[in-house]
Amino acid sequence: MILVTGISGELGSLILRGLSGEGGLSGEGGLSGAEGLDVAGGTRTGDGVAARRIDFDDPASLAEGFRGVDVLVFVSAGYAEDDVVLARHGAVVDAAEAAGVRHVVYTSLAGSGSLMTIALPHRWTEARLADASFDVTILRNGLYAELPAGLAAVAAASAAETGVFAAAFGAGRVSVVAKRDLADVAVRVAAEIQRDLAEGRRGRHAGRTYELEGVEAIGGQDLADALGVALGRRVDYHPMSLSAARAALTGLGLEPYQVTHTISLFSNVGAGFLEARDTDLTALLPTEPRRVRDLMAEIVPATSPSVTSRA
């Protein structure tokens, strides 16, 4: 049996859908051969029917939640301070060992992001998994294309009035990848492992770490151009200082760790560390990676009422 954690989030939901053979990931029919697998999903609340209760903040829930699981697709549980994330991830590893899980597939962070503040919990978790009794596959996911596209959408109203998109990217670019592509890879890897185990073989992806960096890199002007298309007017990119960006973020009501991680992202983009050189993505995808610029064209108008009203 395969269990996917975090199915209330977009990535976990996409992985579960692909493994369940519901389609919508690669072409009309989803990933070939995904149908027929015994798959379950987990959420913080669960209902015992559509989803198991998998609450990382309640370690006692994990023992029952992982019962009978062969392959655990462990979608990382960020969105908190590091000490909270480490406690959550440590509890998952301990419970998976106690429940007899045979193989864990963990969604980590790509190597290009190792200097970002969000990297620490991922690298700690990778080390903890390496010491566990089960087999492990690490999927080092590239930064989501949806993140910078969402940033552009938030700035749409201002760009519509001023013709300027201001952000703290400097002159740097960041390699990004669609969540749906990352989900496709996770589906393939988990399905192949489950079938190997069912046939009495060790999972073919055991001990592997895959770098799933995006094949396209975007910068500030690329986001401005996407806004320009959606708005029907010229939009220029103006670099913003990190100090100005921090002040703007602080005024949005974000949690302190969210501000820290966002500034770290900007810093790494500006320093040129987030433009990837190599990737395993294309070798593991059943199709060509989704075009980032096409995704941006979908997200920018779709997520901003001010854009759709003007476009």
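**Salt bridges and helix pairs**

Modeller: Arg88 forms a salt bridge with Asp57, and their closest N and O atoms are 2.8 Å apart. Keep in mind that this is a predicted model.

Biologist: Why is the contact of Arg88 with Asp57 called a salt bridge?

Modeller: The term needs a side-chain nitrogen of Lys or Arg within 4 Å of a carboxyl oxygen of Asp or Glu. Arg88 and Asp57 have their closest N and O atoms 2.8 Å apart, so the pair qualifies.

Biologist: What makes this pair a tie between separate parts?

Modeller: Arg88 lies in helix H3 (residues 82-99), whereas Asp57 lies in the loop between strand S3 (52-53) and helix H2 (60-65), so the bridge ties together parts that are 31 residues apart in sequence. Both residues also belong to a salt-bridge network that includes Arg44, Arg53, Asp55 and Asp58. The structure holds 26 salt bridges.

Biologist: Where do Glu126 and Arg123 sit relative to each other?

Modeller: They are three residues apart in helix H4 (residues 119-130), which means a separation of about one helical turn. Glu126 counts as buried because its relative accessibility is 13%.

Biologist: Which parts does the salt bridge of Asp181 with Arg290 tie together?

Modeller: The closest N and O atoms of Asp181 and Arg290 are 2.5 Å apart. Asp181 is in helix H7 (residues 179-198) and Arg290 is in the loop between helix H11 (281-284) and helix H12 (292-302), so the tied parts are 109 residues apart in sequence. Asp181 has 1% relative accessibility and therefore counts as buried.

Biologist: Now the helix pairs. Why are H3 and H4 called roughly parallel?

Modeller: Their axes cross at roughly 20 degrees. Angles under 35 degrees count as roughly parallel, so the term applies. The axes come within 10 Å, and H3 passes H4 in a right-handed crossing. Among the residues that meet are Val85, Leu86 and His89 in H3 and Trp124 and Leu129 in H4. By class, this contact has seven nonpolar, three polar and four charged residues.

Biologist: What makes H9 roughly antiparallel to H10?

Modeller: Helix H9 (residues 242-250) and helix H10 (residues 256-270) pack at an angle of about 150 degrees, with their axes 10 Å apart. The cut-off for roughly antiparallel is over 145 degrees, so H9 and H10 qualify. The crossing of H9 and H10 is right-handed. Leu242 and Leu249 are among the H9 residues in the contact, and Ile263 and Phe266 are among those from H10. By class, the contact has six nonpolar, three polar and one charged residues.

Terms used. Residues are numbered from 1 along each chain as its sequence is written. This is a predicted model: local features need pLDDT of at least 70, side-chain atom pairs count only at pLDDT 80 or more; totals for chains, interfaces and linings use all residues. Side-chain values use heavy atoms; hydrogens and water are left out. Axes are lines fitted to C-alpha atoms, for helices over the stretch in contact, and angles run from 0 to 180 degrees between N-to-C directions. Helices (H or I, at least four residues) and strands (E, at least two) are DSSP runs, numbered from the N terminus. Angles under 35 degrees count as roughly parallel, over 145 as roughly antiparallel, 65 to 115 as roughly perpendicular and the rest as oblique. A crossing is left-handed if the near helix is turned anticlockwise from the far one by less than a right angle, and right-handed if clockwise. Contact means heavy atoms within 4.5 Å. Ala, Val, Leu, Ile, Met, Phe, Trp, Tyr, Cys and Pro count as nonpolar, Asp, Glu, Lys and Arg as charged, and the others, Gly among them, as polar. Buried means under 20% relative accessible area, exposed over 50%, partly exposed in between (1.4 Å probe, protein chains only).
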